[in-house]
Structure formats: C-alpha cells, structure tokens
Amino acid sequence: MKRVYVNEKWCLGCHLCEYYCTFANSGVSSMVNALKDKPLRPRIRVEEHDGISFAVSCRHCKEPLCVKGCITGALSVKNGVITVDSNKCVGCYTCILSCPYGCISPDDSGHAISKCELCTKNACGEPACVKGCPNQAIVYEDRDVTDTNKEAAV
Amino acid sequence: MSRFVIIGNSAAGIGCAEGIRTVDKDSEIIIISNEPHHTYSRPLISYLLCGMTDEQRMKYRPDSFYKDNNITAMLGCTVTAVDPAAHTVSLDSGEKIKYDKLMYACGSSPFVPPMKGLDTVKNKFTFMSLDDARALDKALSPDSRVLVIGAGLIGMKCVEGIADKVKSITVVDMADRVLPSVLDADGAKLVQSAVEKHGVKFLLGDSAKELFPDKAVLNSGAEVPFDILVVAVGVRPNISLLKDAGADCNRGILTDDTMKTSLDDVYAAGDCTESFDITVKNSRILALLPNAYMQGENAGINMAGVSRSYNKAIPMNAMGMFGYHMITAGTYEGDSFCESDGTDYKKLFFKDDRLMGYIMIGDVSRAGIYTSLIREQTPLSSIDFELIKHHPQLMAFEKTERSAKLSESH
C-alpha cells in the first residue's frame, strides 16, 4: 500500500508539512482561521539538527506495536491504515510508550491521542503534508514489495 | 480443520484468536470465559468509574468480533479441569470439550493477604474486573471515606477512578513510595504530590495491623476510619488448572518462546505465564496488557502451524494520574542520567553500552523511541547518545539507519 516516505536529502526544514497537516485535520475551511493563534499539533513533525532535517510521521507498520499494545481497542488497522477511534481512546499513552518512531502524540483534549491517518478521515483525501511539500522531501508511494507483487499478479 | 479452544476472553485470549485467524480462517475457535461479558478492557475499569468511558466503549473489540472471526464464545462458563492426555477441558456444567490445540489465558486474580479482622469488614472490595468495579461503584457515596491498601498500579488507578465520588481517600502501603514497581524515589515524590493535590492522603511505609468494621489500626499506631475498604496489594497468576494438569510452573506457567507449555498442544499467555525479560535476562511474570496480547498472538500463530518466536518482552508501563502522565520501561540498573524541572522528570539507566530502562513523568513525548532502544538492545555507541538523552529522536541514529526507518516499508 501507499505510505509516506522520507527523502531526507531534499528536506528544506521549512515545516510546511506541519502546517498543511494541522490545517487538513482542523476541519476548518480557511487555512488562516485554522492556524492563526492556535496551538500547532501536527501529526507529522520535522526533526532538525546540525543542518539535517526530515519529517517523521506514522509508518503504518505491518506489525504495529501501538495497535497490539492498545489497551482499549481504540487503535486498529483499516485497509492498512492505522486509525484511532477517539471515542474509545482514554489517553493512557501506552501507544506513545510503544511506537519506535515517536509518531503518536496526545491530542488537544489530553484524553485521547492523535496520529497520522494518511488523511483518510479528512476532506483532503490523500496526505496533505505530501501535497504541500515544495521539494518532494516526503512522497506518497507504494514501496511495499510484497503488495506490489500481489497487485501485479492480479 | 482443527479445533482451537481458548480459555480466557481478555487480551491474551483475544490476541490468540486474532493470531490464529491471520493464518487459518476456517478452523473452529471456541473461547471460554467464566465472566459473562463481551471482551472488555480490564485496565479501563478505573476510567469507567470516573466517567471517562462506559461499558459500551470499554469493549476491547467491537460487538461483532466473535461473529466476524467465526468464534464460538462460551461466556459465563467455568473450566474445572484440563485433561492433556484426552485433549479435553471440563466445564462446570459437566460438559467436556475436545481440543486439538489449547490456549490457557486465565490471567491473574487479586491477592488478598491474611489480615487480622478483615472478616469483620462489610464493605471490602478488590479492583480487577468489571464486576469488581460495578460492586465498588454501587457502594460509594459522596460521604464515603475510602481506605485503599496498596499504592501500586491498581490501587492508584482505583484512587483516580473514585476521587471525585467520595469524601476522602487514604492510601496505605508498606513501601516507602507510591508505584514502587515502576517509579524511583524522586519520581514517586512528584506523582505523590500531584495526587495529594486532589485531596488524597498517603500513609507510606506502614501497613494495617488490624481491621475493624469502621477503622484500621496501622503498625505505626495510626488509626484510619473508613466506610469502604479496597484491597489492592497485588495479583497472583491463575495457574492451578494447568499446574494440576502437570504443566511446568514456577510462580507463573512456563512456556518456550512460541508460548507452548510443557504439555503437548497446550499453550499459555498473559498474566498467568512467565516471560523472559530481556533486560534482566530472567524469566519473570510481566503482567502487562501489551505483553499479554503479543504473547497470545504469537501463540495463536504457532497453534495454527506457523513457527514464530516471541522474544522481546520487557517490563513497560504507561499511566496517568489526573492528567499527569508517566511512561516507564526496562530495568533501573547501571549508570543514570536525570533531568527534572519539578514537573517534567526523566531518568535514563544505561549499562554495558545498552539502555536498560527509563522513567519519564510529565512530558512523555516520543517515549517509544527509548523503549525501542531497550527492546532492540541497540548499542548506544551506534547512536548519538548525547543527543537522544535530552530528547528521544530519530536524528540520533546513523544516516543509513534513519533511511531504513523512514524510507522503507515496515
């Protein structure tokens, strides 16, 4: 399946992915209204150090430790996308303890978590971070060898 | 077609069923549980009491789970014996059920130590199951004075669950600090004072010498009046059925790394088993929901005929008290690095070029990156430890490793 992958050497450290992510998941139609004077809680985060930068978001692992460890059943895999049912989530943060990539964060309420769902639950349709990246430092691609083989066989 | 019988309807049992179904969509699966409820999340009972969830939302899997996975759920049935030679389990109804492979996931039970005068106390509760939570909730009133014996994970979550429903709560523990199994002394102080702000009183390093119907007399001589008593001193693994059937056990049931017991075709997972803790290189009980699920899942995959090992068990825990969160993992051995500003607290433990364990309180962002260093036994000399010890981050890994993490499918 298609996932968000990182081309580290192309990342400018501009953080636009964080803004597009927050906007896409805000449910607000104007980017200005979505972002102005609000805390930025993107589901993708840019790491920067010593001239290097790259954006990190959920890997949508095939063996997801967050889903397996979820104490409530709020995290599940739907068509390969790891999604959270915020209504079930109580914000215990066992998934934050489990995720090897550090890609799950508390949500605004503090009573649930928030994570990248590849924009499947918002109006964007496909990852807004990738669409908004000016330098293809993140791409939305199928690099899954076995899946590709399966599709080719079909 | 095989018949898989799973005793236990919680994390390990459900993990087992899901593990089987990743390999085998057709064989018969029967889940037997002595509780009459649809599978639910045990750790959510405290959230249930404080209204952060309800009985519908705390279901561990959707209502359609058994149907979707073609599982026969025999709920409210108690298994009375396992006969490994005949490959049968006996039920309290007298019925015998044959199995080809058996999963034993019977969890643990609250341990109630012998305490003088305990039998004179009318309103006494343990706090482990949905029925425990319902019974406690029914007994509570705004005038209740509650005594909780045990400041461990169960006792503390119980405190959080009932804090806004009762007049007063006193917590007594023999240990000199709260959450002694997961926190060090300094971290425990922070959590204790955060909980005290909610009116909870702690009497630590003390224990109940004698109980009376309406008060406890402690070893120190202090007296604690109460209307409701909650005993939360610990849990004991439920091993008796398999032990009686001849399975090798220490404190918990022993398994190999496929989760098979010493009995043919019998597997076990969850709180009733011991796990090989890679941080101390020893077999011990790791009564944690994620561990139970992953053991169960691994067992199910093996039961269905695919060989796979589960060999990355570590102690780990995430919990919050009134919005103040803590995440901990591993073993607190070796040199340490500590950062604290009085609210956010972090301590890392490292030895022999490995991260052994950590405690994060308050700011717990990206804690899982530390967990993965422990789980994968990553040599600290292969990463920028100076960088990562201040903030968990992928930047601390070598470029090729970063690329493997972020540019390949996982």
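A residue counts as buried here if 20 or more other C-beta atoms lie within 10 Å of its own, with C-beta atoms placed from the backbone. By that count, buried residues make up 47% of the 410 residues in chain B. What you have on the screen is a predicted model, so a word on confidence comes before the rest.

For the complex, the predictor gives an ipTM of 0.97 and a pTM of 0.96. Chain B has a mean pLDDT of 97, and 100% of its residues reach 70 or more.

Chain B, then. Its secondary structure comes to eleven helices and 25 strands. The radius of gyration is 23 Å, close to the 22 Å that the globule rule gives for 410 residues, so chain B is as compact as a globular protein of that length. Along the principal axes, the C-alpha trace of chain B spans about 60 × 60 × 35 Å. If you take the contacts in chain B between residues at least 6 apart in sequence, 63% of them join residues at least 24 apart.

Chain A gets two domains from the assignment: domain 1, 1-57 + 130-154, and domain 2, 58-115. Their centres in chain A, again over C-alpha atoms, are separated by 18 Å. Six residues from domain 1 of chain A and eleven residues from domain 2 of chain A take part in the contact between them. The side belonging to domain 1 of chain A consists of two nonpolar residues, one polar and three charged.

Last, the interface between the chains. How many residues of chain B are in contact with chain A? There are 45 residues on chain B, and they meet 36 residues of chain A. On the chain B side, the elements that give two or more residues are α8 (289-303), β21 (316-321), β22 (324-330), α9 (367-375) and α11 (399-407). By residue class, the side of chain B that touches chain A has 23 nonpolar, 14 polar and eight charged residues.

Methods: Residues numbered from 1 in each chain as written. Chains lettered and ligands numbered in written order. Predicted model: local features only at pLDDT ≥ 70, side-chain atom pairs only at ≥ 80, totals over all residues. Contact = placed C-beta atoms within 7 Å. Helix = DSSP H or I, 4+ residues; strand = E, 2+ residues; numbered from the N terminus. Nonpolar A, V, L, I, M, F, W, Y, C, P; charged D, E, K, R; others polar. Domains from an automatic or database assignment. Rg over C-alpha atoms; globule rule 2.2 N^0.38 Å. Buried ≥ 20, exposed ≤ 12 C-beta atoms within 10 Å, placed from the backbone. pLDDT = per-residue confidence, 0-100.
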